[in-house]
Amino acid sequence: MSTEETRAVIAEFDRLMRAWDVDGLAALFAEEVDWDIPGDTATVPWIGKRATRAEVRAFYAEDVPKYLTPDRFAVDATLVDGALAVRTGDLRSQVQATGKWIETRFVQEFTVRDGKITRYLMHEDSWLVAQAVKP
């Protein structure tokens, strides 16, 4: 994958996120994907590992709307080298069950192969996220 091709896939990911196009987002991922948002999965039900495009679609279509009200997702910088893209930013979401706000910096890692995202890793303040879920 060239750097330009990876940039194009990440730009499309951003466009689909802004439109909240769940089917488009899911189609951007490979059928088998290495997806992880590490943290306390016993407390935070929407994070953790996923292995298929269908599971990624469920994250966007079911988990996010069920648990969160997204408010802001801002990317500061995106660095791309071949198939790898890494970016930094910050997000703000409200946990529906508690009314508490999650405000955290993040780093996302993407690997793109044959025009599809094959690996996605989201680093965020998982302690803060778990605290916002607790009553």
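Helices (H or I, at least four residues) and strands (E, at least two) are taken here as DSSP runs and are numbered from the N terminus. The structure is a predicted model, in which local features need a pLDDT of at least 70 and side-chain atom pairs count only at pLDDT 80 or more, whereas totals for chains, interfaces and linings use all residues. Residues are numbered from 1 along each chain as its sequence is written, and side-chain values use heavy atoms, with hydrogens and water left out.

Asp76 is located in strand S3 and, with a relative accessibility of 48%, is classed as partly exposed, where buried denotes under 20% relative accessible area, exposed over 50%, and partly exposed the range in between (1.4 Å probe, protein chains only). When residues up to four places away in sequence are not counted, Asp76 touches Thr88, Gly89, Asp90 and Arg105, contact being defined as heavy atoms within 4.5 Å. The C-alpha atoms of Asp76 and Asp90 are 7.9 Å apart in space, although the two residues are separated by 14 residues in sequence.

Helix H3, which spans residues 53–67, contains both Asp63 and Lys66. Asp63 is buried, at a relative accessible area of 16%, whereas Lys66 is exposed, at 55%. Apart from neighbours within four places in sequence, the contacts of Asp63 are Trp46, Arg50, Ala58 and Leu68. For Lys66, a separation of 7.7 Å is found between its C-alpha atom and that of Gln96, a residue 30 places away along the chain.

In helix H4 (residues 126–133), the buried residues are Val129, Ala130, Ala132 and Val133. Viewed down the axis of H4, these buried residues fall within an arc of 160°, so they line one face of the helix; the arc is that of the directions from the helix axis to the C-beta atoms. The buried residues of H4 pack against strands S4 (84–95), S5 (101–113) and S6 (116–124).

The largest pocket has a volume of about 510 Å³. On a 1 Å grid over the protein atoms alone, a pocket is an open set of points where a 1.4 Å probe fits, with protein on both sides within 12 Å along at least five of seven lines, and lining residues have an atom within 4 Å of a point. Of the 28 residues that line this pocket, those closest to its centre are Met17, Trp20, Phe73, Leu91 and Met122. Two or more lining residues are given by each of helix H1 (3–19), strand S1 (29–37), H3, strand S3 (68–81), S4, S5 and S6, and S3 gives the most, with seven residues. By class, the lining of the largest pocket comprises 19 nonpolar, two polar and seven charged residues.

Trp20, which is not a glycine, has a positive phi of about 50° and is situated in the loop between H1 and helix H2 (22–27), where its relative accessibility of 33% places it in the partly exposed class. Asp114, likewise not a glycine, has a positive phi of about 50° and is found in the loop between S5 and S6, where it is exposed, with a relative accessibility of 76%.

According to an unreviewed UniProt entry, the annotation "domain: SnoaL-like" covers residues 14–120. The end C-alpha atoms of this span lie 14 Å apart, and its content is 25% helix and 54% strand.

Methods
Grid points are joined across faces, edges and corners, and a volume is the space filled by probe spheres set on the points. Ala, Val, Leu, Ile, Met, Phe, Trp, Tyr, Cys and Pro count as nonpolar, Asp, Glu, Lys and Arg as charged, and the others, Gly among them, as polar. UniProt positions are given in the numbering used here, feature names are shortened, and annotations may be inferred rather than shown by experiment.
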